[in-house]
Amino acid sequence: AYWSFVLLSALTAILIINRPGNPAFKLAWMVPITFFPVFGMLLYLFVEFQAGTVWLNHRLQNVEQQMRKYVLQDPDVFEELEKTDKRVANLSRYVTEKGGFPTYKNYHTTYYPWGKDKFEALIEELNKAEKFIFMEYFIVAEGKMWNTVLEILKKKVQEGVEVRFMYDGTCSISLLPYNYPKKLEEYGIRCKIFNPIKPALSTVQNNRDHRKIVVIDGKTAFTGGVNLADEYIGELERFGTWKDTAIMVQGEAVRNFTLMFLEIWNVDEPQENYEKYLDASYCYGMTEGEGYVIPYGDSPLDHENVGELVYMDMINNAKDYIYISTPYLIPDNEMLTALGYAAKSGVDVRIITPEIPDKWYVSVITRSFYRDLETLGVKVYEYKGGFNHAKMFLSDDKSAVVGTINLDYRSLYLHFECATYMYKTSCIKDIKADFDDMFENRCHRITHDDINNRSFWSRFMSVILRTIAPLL
C-alpha cells in the first residue's frame, strides 16, 4: 500500500510538471506532495479537477461569445494611436485581441489620491443617475460609506433608475448576513453574491471577484482599490492611515466597464439585451480630452494573464522611471527578472509597500523579497504609519495604470480583476504628483541595514512561507 501511494504521488508530480501553467504554482504543489504524499496528492486532484470550475469557465465563454460584437476596435482610433506610438499600439492590439477590451480616445479621466476623494465624487455621480447603476465590489461592510451609498440607491430605485449590485461571497463570512441580497431586493435593488462561500474546498472557491466597478448610465465609471467600507475613507482606523486611490473614466471607454460587469452578472442567466446599456450617443456632445484609455479586465480561467502582461509591458518599455504601488509584493520569477533588468539598464525602479500590513504572513513574504530587489538595484519604500492599498503603475510621465491588481499570485493568476491603462492623459500629472508626495513625505526607503535587522522570527517564517507563497 505504501509503495502504491508513492507511485501515485510520483505520477501526480509528473502530471503537475506537464500541465500548462506558472512554474511557481507547480513547484509550490510539490511541497505538500513531497512531505505528505497521500494527503498532498488527494488535495491537488481535488482542488484542480472540479466540475464547478469547468462550468464557470464554460458559462463565461458563452457570455463572451454573446458580447464579442460589442467589443470591436475602432480602426480610426487604432490607426491614430499607431502613428503616435507603435509600442502602445502593440499593447492595444494585444489587450483587444486577447482580452477583448478596445482602446478609446480619452474624453475625461479624473484621478483620486485618497479614498475619501473618490467617495465624494461617487456620491455626486450616483445622484446624477437617470437610467441605470451597476456596482461590483470585493468588500462591502455596513457603516457610513455603504449606508450613504445605499440610501442613494434606494432613492434612485424610486425614481425609476435600474440598480444592480454585486459583491464577492467572502463578505458573507463576517461582513454581511448570508441572506443580504434578499434585503436589497426588498428595496428594488437587484443583487447577487458572486461565488458564495460554501463548506467545500474547490478551485471555484479560490477564484474571487476582486474587481471594484461602478457604471452610471454607461457614461461614467469608477475603479481602483477603494471598497465600500469605512477604513477606505478614513472613518475607521485599521492598520494606521489607509492610503488608497481610484480613477473615474467618462466617455465611450466606459463601454468596457459596462461589459465587464454584465459578463459576470450573466454567468448564471440567459442572454439579455446588452445594446440598451451601450448607447454612446451621449459622447457626441462631450469635449475630447488628451490621450487614450484602455479599461480592461482579467479572468483566472482563460489562461491569458492580461493583468501581469500589461504590467510587464510597462516595465520592459520604461526609459526613465517606473513607479509601482502595491499592498502585496510576491512577484514571480518573470516579474523579478523584468524589474531587475530595468534597474540594471538605468531605469529608476521604485516600489511602495505598506509599513503596517493587514496580513502578517503576506508581509513576511513581501519583506523577504527586499534583499532580492536591493541586489537587483530596485528601490523599495514603505508607506509610513499605515497601510498602502493603492495598486498603481506609472512610467515616464506617459503611461499609467490604476486598478485592482496587486503584485502577487492571487491577483495575477487567481482573481477576477480590472484596471484602466492610460496613455498621455491629462490626469497622469496628478498621479505623478501623488507618487512624488509619497516618496518625499509619506514613505521611507528601505536600507541595507533595515533588511539585515529583520527579526529571526520574520526570517524563519519567510523561509517556510515562500515555499508555498503561490498557494496562499
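Which side chains meet in a salt bridge at 3.2 Å, N to O? They are those of lysine 154 and glutamate 151, where a salt bridge is a side-chain nitrogen of Lys or Arg within 4 Å of a carboxyl oxygen of Asp or Glu. This is a predicted model, in which local features need pLDDT of at least 70 and side-chain atom pairs count only at pLDDT 80 or more, while totals for chains, interfaces and linings use all residues. Residues are numbered from 1 along each chain as its sequence is written, and side-chain values use heavy atoms, with hydrogens and water left out.

Lysine 154 and glutamate 151 are separated by about one helical turn, because they stand 3 residues apart in helix α8 (residues 144-158); a helix here is a DSSP run of H or I with at least four residues, a strand a run of E with at least two, both numbered from the N terminus. Lysine 154, at 21% relative accessibility, counts as partly exposed, as does glutamate 151 at 47%, given that buried means under 20% relative accessible area, exposed over 50%, and partly exposed in between (1.4 Å probe, protein chains only).

Side chains of opposite charge can pair when their charged atoms come close. By the rule given above, the count comes to 26 salt bridges. One of them joins arginine 350 to aspartate 348 at 3.0 Å, N to O, and both of these residues are buried. Lysine 359 forms a salt bridge with aspartate 358, their closest N and O atoms being 3.1 Å apart; lysine 359 is partly exposed at 30%, and aspartate 358 is partly exposed at 23%.
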